Amino acid sequence: MAASIRPLPAPPAPPRSSCWRRQRLRSSSRAGSDSTDNLSETCPRLPVGSSRLSVTELGSRFARFLAASSASSLGTGLHLVAIPLLASSLTRDPRIIAALAAASSVPSLLLALPVGAWVDRSHRGRLMVGSDLACAALLGGLVSLLLLGQLELWHLFAVSAALGVAELVFGTSSFALLPSSVDKGKLVEANGYLSTSSSVGSGIVGPAVGGAAYTAEPVLPFLANGVSYLISAVLIGSFAWHKQPKEPSAPTSVETRGQRARTYLADITAGAAFIKDNRSTRTLLVLVASSSIFGWLPEATLVLYAKEELHLTDRGFGIFLAATTLGAVVGGLLSGRLFRRLGVSRLLIVTYATYGLLLIPPAFLTSGVAVGVLAFIQGIPLIACNSTTRSLQQTIVPANLLGRVSAVFRIVGAATVPLSLTLGGFLGHWIGLRPVWAIAGTGFVLVLLLELKGVRQISRDTDRALSPTA
């Protein structure tokens, strides 16, 4: 139940989850249809069976993708600890610290749609490399200011916001690039490995090393994170710098300023239009958004719940937070096997139901050990759900819309997480800390029950798309 690995509606970038942790439609009818007649060209048959594919079996391109993810996730974990420590050395005002934490999220709300359209019109691999190099340069500037003793609080805000923009471009590009880097029948396995890498690097190893590195020398975590960006750029560029095939463009015509504005608006909102008219993708968005809303609801008062209700020490609280991360590692490794054994609809139902139901017992338990065990178990479906929904998006959505659809998911995440945290804080104050858990679990399960028809539609669409006769 650690906040660092709670799934977000916006698909996190495989190599970086955040900087704190880190072609136009061919026709409007193609975007606006619930049918899956066009899916066969983008969705090859998924392998069946229960064996887990190794990284080698996923191909050399993905191996480099995963290596980039591992390097950058470790750097993100270092950065995750160092930024609040550095900020606290400049100010003790909690409002400023909170505002700084939110600075990197603002670009997702303001720029996700135009960035999504840009990604679908551009070379995704080169955008990723350019974003990595920009982040490395920003951190180099931050390290220089630290060494010169010239760092001021506004510099941290500027760097955090700029990193947020660069990583928005990187995350949207990487989500759209992955289906061309690994066979689509192996996407669940690939996303599982990426989720595991992110959990280990940014959720376990990075934070553990980051605190010690900052204590030794404040510039070390930022320097290491900058190096991780450079490593990621080299690895991504080694296989994604080639010429990217372009979608055929529509004939050009003379347009008035108003017509150009309407064309641009329709272009950047094409992802939202596709989600609106495609039942399967719409159901995925609802499920992921509900996991964000109800999954984050208890997080606002988690530390108070752990100390006041479970009577955990500071050390015990740290172990408690690590439990879900460890479960997430297991879930990431098992996600491909679970997908092949259970199939689409059963996996979604079983994992989402398990995740939601496990939110309820903490409302009644008094043992920190028991809640920690539940947190570990919950981490398994948490990442399995995340890997599966990401893979289904990458399979169902046409390649020329992946960036814009990803942008919509990212916007929903950027909006629902702070809303959920705020609501959780008020509920904890009004009705107590324990009832928040019961409300979160009950709400999550109710949403799943309401979306069962949509889950079955996802299964039918996938089966039809993967049919040899499709």
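Helices (H or I, at least four residues) and strands (E, at least two) are taken here as DSSP runs, numbered from the N terminus. Helix H4 (residues 106-121) is one such run, and Leu113 lies in it.

The model is predicted: local features need pLDDT of at least 70, side-chain atom pairs count only at pLDDT 80 or more, and totals for chains, interfaces and linings use all residues. Residues are numbered from 1 along each chain as its sequence is written, and side-chain values use heavy atoms, with hydrogens and water left out.

**Confidence**

The predictor's confidence in each residue is given by pLDDT, from 0 to 100. Its mean over the chain is 81, and 83% of the residues reach 70 or more.

| Element | Residues | Mean pLDDT |
|---|---|---|
| Helix H1 (lowest) | 28-31 | 34 |
| Helix H17 (highest) | 433-450 | 95 |

The pLDDT is below 50 over residues 1-50, a stretch that has 183 contacts in the model beyond near neighbours in sequence; contact means heavy atoms within 4.5 Å. Residues 247-254 also have pLDDT below 50, with 5 contacts beyond near neighbours in sequence. Where pLDDT is low, the predicted coordinates should not be read in detail.

**Leu113 and its contacts**

At 25% relative accessibility, Leu113 counts as partly exposed; buried means under 20% relative accessible area, exposed over 50%, and partly exposed in between (1.4 Å probe, protein chains only). Leaving aside neighbours within four places in sequence, Leu113 touches Ile268, Ala407, Val408 and Ile411. Leu113 and Ala407 are 294 residues apart in sequence, yet their C-alpha atoms are 5.5 Å apart in space.

**Helix packing**

The axes of helix H10 (residues 270-277) and helix H16 (residues 402-431) come within 7 Å and cross at roughly 80°. Axes are lines fitted to C-alpha atoms, for helices over the stretch in contact, and angles run from 0 to 180 degrees between N-to-C directions. H10 and H16 are therefore roughly perpendicular to each other, the class that covers 65 to 115 degrees. The contact is made by Ala270, Gly271, Ala272, Phe274 and Ile275 of H10 and by Arg404, Val405, Val408 and Phe409 of H16.

Helix H11 (residues 279-296) has 18 residues and spans 25 Å from first to last C-alpha, close to the 26 Å expected, where the expected span is 1.5 Å times one less than the number of residues. H11 is mostly covered, with 14 of its 18 residues buried.

His311 is found in the loop between helix H12 (302-309) and helix H13 (314-342). His311 is exposed, with a relative accessible area of 63%, and has a positive phi of about 60° although it is not a glycine.

Notes: Parallel < 35°, antiparallel > 145°, perpendicular 65-115°, else oblique.
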